[in-house]
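I open this notebook to record what I looked up in one structure, entry by entry. The sequence and the model come before the notes.

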Amino acid sequence: MNKLPFKYFTKSLIVITVLVNIYSQNLSAQSKNPSPLHFPTPKNIDNMLFYVQRDPNTNTAIYAINYQENGKIDKSNPIKAYWIRYAEKGEKKDFSYIQRKFAYGIESKALNNEDFELQFVSYKKLPLTLKKIDSDQKYHVFISMNQKKIQVEKIFVRIEGGSFWLPNVKYAEVTGIETSSNKMITERMLLK
């Protein structure tokens, strides 16, 4: 008679354990991407260096090499930046003047014949380097962050409220290849 309740107790305990495990895995996955949005990964973008995604929508800023007609980099303006407006059927659209000058635009300064220093117009404390690499003869963007040198593939900016002119930016996450280990990593930086 006592075996029947114990059997149900055991089954109930197993079910509860499984449910708690599934729930905790969901919380873990949410902590890796706290945004409620599902961000698409840009694919087949000519000369793309990296991209930026941020709340409050899935529109993605693309940063690509700006080549001249002769196939050489435009040294006065080495980066071409624009939107892929996933929220609007994936339409490609240039930044507006305000977006280019105050938010998502990039300023560049030539360091030598093949290297450039890059800075976002909205956050100059995050210098990037555009550099042509000998191994593949292609340009890549690098950042030094948390004592690591990273070849940048994407940047995610977490925004929680605020306004257009003063968004409440919580942090930025840079994902790319750590040059010393050649492994994919994500590093977070609090923005103040």
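**Entry 1**

I began with Glu187, which is buried, with a relative accessible area of 13%. For the burial classes I used a 1.4 Å probe and protein chains only: buried means under 20% relative accessible area, exposed over 50%, and partly exposed in between. I worked on a predicted model, in which local features need pLDDT of at least 70 and side-chain atom pairs count only at pLDDT 80 or more, whereas totals for chains, interfaces and linings use all residues. Residues are numbered from 1 along each chain as its sequence is written, and side-chain values use heavy atoms, with hydrogens and water left out.

Which residue meets Glu187 in a salt bridge? I found Lys148, with 3.0 Å from N to O. A salt bridge here is a side-chain nitrogen of Lys or Arg within 4 Å of a carboxyl oxygen of Asp or Glu. The pair links distant parts of the chain, since Lys148 belongs to strand β9 and Glu187 to strand β11 (residues 183-190), 39 residues apart. Helices (H or I, at least four residues) and strands (E, at least two) are DSSP runs, numbered from the N terminus. Lys148 itself is partly exposed, at 28% relative accessible area.

**Entry 2. The salt-bridge network**

I searched the whole structure and noted 8 salt bridges. In one of them Arg158 pairs with Asp55, the closest N and O atoms being 2.3 Å apart. Arg158 lies in strand β9 and Asp55 in the loop between β1 and β2, so this pair ties together parts that are 103 residues apart in sequence. Both partners count as buried: Arg158 has 12% relative accessibility and Asp55 has 5%.

Arg158 also forms a salt bridge with Glu160, with the closest N and O atoms 3.4 Å apart. Glu160 is partly exposed, at 37%. I recorded Asp55, Arg158, Glu160 and Lys170 as linked in a network of salt bridges.

**Entry 3. Backbone exceptions**

I next examined the backbone. Most residues other than glycine have a negative phi, and most peptide bonds are trans.

Pro56 lies in the loop between β1 (48-54) and β2 (57-65).

Asn44 is not a glycine, yet has a positive phi of about 55 degrees. I placed Asn44 in the loop between α1 (3-32) and β1, where the residue is exposed, with a relative accessible area of 81%. Gln137, also not a glycine, has a positive phi of about 55 degrees. Gln137 is in the loop between β7 (123-132) and β8 (139-145) and is partly exposed, at 48% relative accessibility.

**Entry 4. The nonpolar core**

Which residues have the most contacts inside the largest nonpolar core? I noted Phe50, Tyr63, Leu130 and Ile155, in a core of 34 residues. Strand β9 (residues 148-162) gives the most to this core, with 5 residues. A nonpolar core is a set of buried Ala, Val, Leu, Ile, Met, Phe, Trp, Tyr and Cys residues joined through side-chain atoms within 4.5 Å.

**Entry 5. Aromatic rings**

I counted 8 aromatic pairs. Rings of Phe, Tyr and Trp (its six-membered ring) pair if their centres lie within 6.5 Å; planes under 30 degrees apart count as stacked, over 60 as edge-to-face and the rest as tilted.

The rings of Phe50 and Phe120 have centres 6.3 Å apart and planes at 80 degrees, so the pair is edge-to-face. This pair links distant parts of the chain, with Phe50 in strand β1 and Phe120 in strand β6 (residues 116-120), 70 residues apart. Phe50 is buried at 1%, and Phe120 is buried at 9%.

Trp83 and Phe95 also form an edge-to-face pair, 5.2 Å centre to centre and with 65 degrees between the planes. Trp83 lies in strand β3 (residues 79-85) and Phe95 in the loop between β4 (91-94) and α2, so the pair ties together parts that are 12 residues apart in sequence. Trp83 is buried, with a relative accessible area of 1%, and Phe95 is buried at 5%.
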